[in-house]
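Biologist: Could you take me through one part of this model in detail, the helix that matters to you when you look at where the chains meet? Start with the chain as a whole, then zoom in.

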Amino acid sequence: MNQILFGVIATLGVLAALGTVLARNLVHAALFLVAFFFLVACQFVMLEAEFLAAVQVLVYIGAVAIILMFGIMLTRNIQGDDTTTVSKAGFISGGLAAAGLLAVLVFGILDDEGRTGRAGWRDVTTRPAVYPVAARASAEQTKAVNNMGFVVGRELLTRYLIPFEVAGVLLTAALVGAIALAVQDGPSTDDPAERAKKAAEHTAAAETEPQLTSA
Amino acid sequence: MNVATDWALPLVWAQQSELDSIPWLKWIIVLAVVFFGIFPGIVAYMVWGERKVAGRFQDRIGPNRVGPFGLLQPIADAIKLITKEDIVPRTADQWVHLLAPVMILVSAFLVLPVIPFGLGLAAVNPPSGLIYLIAVSSISALGIFLAGWSSRNKYSLLGAMRAVAQLVSYEVPQVMSVIPVILWTGSLSMVAIFDRQVEYGWFIFSPPGLLAFILLTIANIAEVNRTPFDLPEAESEIIAGYHTEYSGMRFGLFFLAEYLSVFAVSCLGTAVFLGGGTLPWPFTGEPVVTLGSGQGLLSLILVNLPLIGIFMAKVGLYVFLMFWIRCTLPRLRVDQLMSFAWKVMVPLSIINVFIAALWYEFVFRPGRPNYLLGWGVTAPLVLISVIVVLSIYKAQMKADLAASPTSRRRIATAN
């Protein structure tokens, strides 16, 4: 049953990923991406990590995908043409980069040695059942499944404190950078002549800007 | 037997131990009766209730033609919506146009299974129920965006842009305001939150809990796009916002989803801060614990009928509060909307997490809760932080206004 479910979810996930890459319409591509995020969340549920699944939906669908859509809405050309078709040179270099990444991932995973005292990933062919059998599962394992939010939070604030904080600083820096890019400085003024000048500049800038949507 | 709580009987039956041998039967009962029968029914009569309440607020009578007190009005409306022609604009993106209302409706439905209506009456109880609830309710923003975008109508697009900006902004204080609850419970499970409140009293009865409840209520109203936060569908400005191009039953789906999410966020507020189905005075938890430990069907029904009745009464009051606010307050301006979320609600909810940690130290950590000391320390802190944040916000608004062009200043002072 688990195998069949995994197969279905994985197949749908690959199809959604392909749809993301191949869709000619940017919004459709983003929708496929949302489907892919959702299927990854399903995969997390299969791995007994339903906290992670909920966070995946919250962060990736509820926030990232929405911001992505917002960005797409403000681009000038949603359908076809130069925004979604790839030139031959781009295709080759992109393909090479993708193959390289795949190679790194595959060799990285296959050469995994495992932490001291534990087997590496390649040696693990089975995983615990969806509901850990009480007799076999350790207390720690059971707690990690039953109250995963607690365990994840404690790990984040103890063992992974430094990476967690560094990620936080990085995101703050990105936020500050985005605001610095978006905010136009120069105080608004009450002087009518200057305001008229600014308005004229604004309209001139708007005329050179491309139209919002095509269709 | 109580008429108000009759609707929940199938839920109780579904818990019957004889049915446990066929696990899917429970799901069929829950799905067919509760999700396709009862919740839409509640929505239909919520619409009727809102029209009645709004009518009284505006010195009218409200619907009173179809059936006694207009009670058959929702049915007439539903038939009208189903029989109307379903028009899809020619330039619309057909598939996305079809998908969008379904997405919003699914998101509204998915919130409800984790709500603990009574003892053992949460349809599912995942250990991260609260995060799950927030996650699935955030999907609706995507549906609203797709609805607005796929219609190829400038008003729809404007509504969608407003909706996305608003929903993303108010989701932050919505999530932050339930952090105190998670802190006090030590778990994300909705059932664990309910149990904790049976043990220690409602979470709203503490200064940080009260502040968090107010913040959650404001964020909830914004999340379901109701006045004063109805900018995405502001009738006087952009026709109907993101659902301008929808007609017939597709519009009906939006309608159903909107009221269903009003019901869902009311359930969230009730379950998380108002103690679920318990009564406010102490010792009401005792019969729940005693009777609930019995496994018989009779004790289950005896415990759950009053629980569900009280729960629904609270949800009704919460919904009424939302109707009341809707009838009283005018719509916000866009800049007011955004600055209120980011400059008042987010700072307050961050400060509130720290005050909630203090409350935890006084009440939950020691073996014997020390409510008096807790109130003495946290109440002034909450008061001071609210006053400081609001006065900084007001001063900033004043400074903004002084720096703005004269035309805008004239508009602002005229109001």
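Modeller: Of the 215 residues in chain A, buried ones make up 14%; keep in mind that this is a predicted model. As for how the chain folds back on itself, take the contacts in chain A with a separation of 6 or more: 51% of them are between residues 24 or more positions apart.

Now for the part to zoom in on, helix H3 of chain A, which covers residues 50–73. H3(A) has 24 residues, and from its first C-alpha to its last it reaches 32 Å. At 1.5 Å a residue you'd expect 34 Å, so the span comes out close to that. Still, H3(A) isn't straight throughout: there's a bend of about 30° at A:Ala65.

Then there's the meeting with the other chain. On the chain A side 26 residues are in contact, and on the chain B side 28. Three elements of chain A give two or more residues each to the side touching chain B: helix H2 (26–46), H3 and helix H7 (148–157). H3(A) provides the largest share of that side, with 14 residues. Sort the residues of the chain A side by type and you get 18 nonpolar, 5 polar and 3 charged. So that's H3(A) in short: a 24-residue helix with a bend at A:Ala65 and the largest share of the chain A side that touches chain B.

Notes:
Residues numbered from 1 in each chain as written. Chains lettered and ligands numbered in written order. Predicted model: local features only at pLDDT ≥ 70, side-chain atom pairs only at ≥ 80, totals over all residues. Helix = DSSP H or I, 4+ residues; strand = E, 2+ residues; numbered from the N terminus. Bend = angle between axes of the 7 residues up to and from the residue. Contact = placed C-beta atoms within 7 Å. Nonpolar A, V, L, I, M, F, W, Y, C, P; charged D, E, K, R; others polar. Buried ≥ 20, exposed ≤ 12 C-beta atoms within 10 Å, placed from the backbone.
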